[in-house]
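User: Could you take me through this chain? I would like to begin with a pocket and then move on to the rest.

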Amino acid sequence: MDQVQRQAFSKVYGKIWDLAMIELSVEAITSITQYYEQSLRCFTFGDFQLAPTIEEFEGILGCPIGGMKPYLFSGYYPSMVRITGVVKILERQLDQVKQSRNGVAGIPRKCLEEKAETLASQGK
């Protein structure tokens, strides 16, 4: 690419081109791959997991997320009425599947995944 194309590419995609041009040590990559946990998509060293955050990826690539911020718990749990609207489930059905763990009421992941699959099959 010439300089103008490179600048245009960098404006859209950040520093990803620069990362593609870095020379890598095959030995270093080979040795660190033994610590990569594919199911978790991070490096695991004993009980310690090393995974870059969204903000770190944004800094590494120099590519902004587009003004979207990740969810940060602020001490506020959404109401069950709001959840029923989002999940498209009746409140009495939600009360039947709701569970409480460590003093926090929630909906099991399996239930949410099944509901998402149902909504997806309906085209919603």
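**Pockets, core and sheet**

Analyst: The second largest pocket is lined by Leu 24, Ile 29, Pro 52, Phe 57 and Ile 60. A pocket is an open set of points, on a 1 Å grid over the protein atoms alone, where a 1.4 Å probe fits, with protein on both sides within 12 Å along at least five of seven lines; lining residues have an atom within 4 Å of a point. This is a predicted model, in which local features need pLDDT of at least 70 and side-chain atom pairs count only at pLDDT 80 or more, while totals for chains, interfaces and linings use all residues. Residues are numbered from 1 along each chain as its sequence is written, and side-chain values use heavy atoms, with hydrogens and water left out.

User: What is the volume of the second largest pocket?

Analyst: Its volume is about 170 Å³, counted as the space filled by probe spheres set on grid points joined across faces, edges and corners.

User: And which residues line the largest pocket?

Analyst: The lining of the largest pocket includes Tyr 77, Pro 78, Met 80, Ile 83 and Leu 112. Strand S5 (104-106) and H5 are the elements that give two or more residues to this lining, and S5 gives the most, with three residues. Helices (H or I, at least four residues) and strands (E, at least two) are DSSP runs, numbered from the N terminus.

User: How does that lining divide into nonpolar, polar and charged?

Analyst: Eight residues are nonpolar, two are polar and none is charged. Here Ala, Val, Leu, Ile, Met, Phe, Trp, Tyr, Cys and Pro count as nonpolar, Asp, Glu, Lys and Arg as charged, and the others, Gly among them, as polar.

User: New topic: which residues form the largest nonpolar core?

Analyst: That core has seven residues: Met 80, Ile 83, Val 87, Ile 89, Leu 94, Ile 107 and Cys 111. Helix H5 (residues 80-87) supplies the largest share, three residues. A nonpolar core is a set of buried (under 20% relative accessible area, 1.4 Å probe, protein chains only) Ala, Val, Leu, Ile, Met, Phe, Trp, Tyr and Cys residues joined through side-chain atoms within 4.5 Å.

User: Finally, what is the strand order in the open sheet?

Analyst: The three strands run in the order S1-S2-S3, with antiparallel pairing; two strands pair if DSSP finds at least two bridges between them. Strand S1 (36-37) and strand S3 (48-50) each have a single partner strand, so one side of each is left without a neighbour in the sheet.

User: Which residue stands opposite Phe 48 in S3?

Analyst: Phe 45 does.

How values were computed: Buried means under 20% relative accessible area, exposed over 50%, partly exposed in between (1.4 Å probe, protein chains only).
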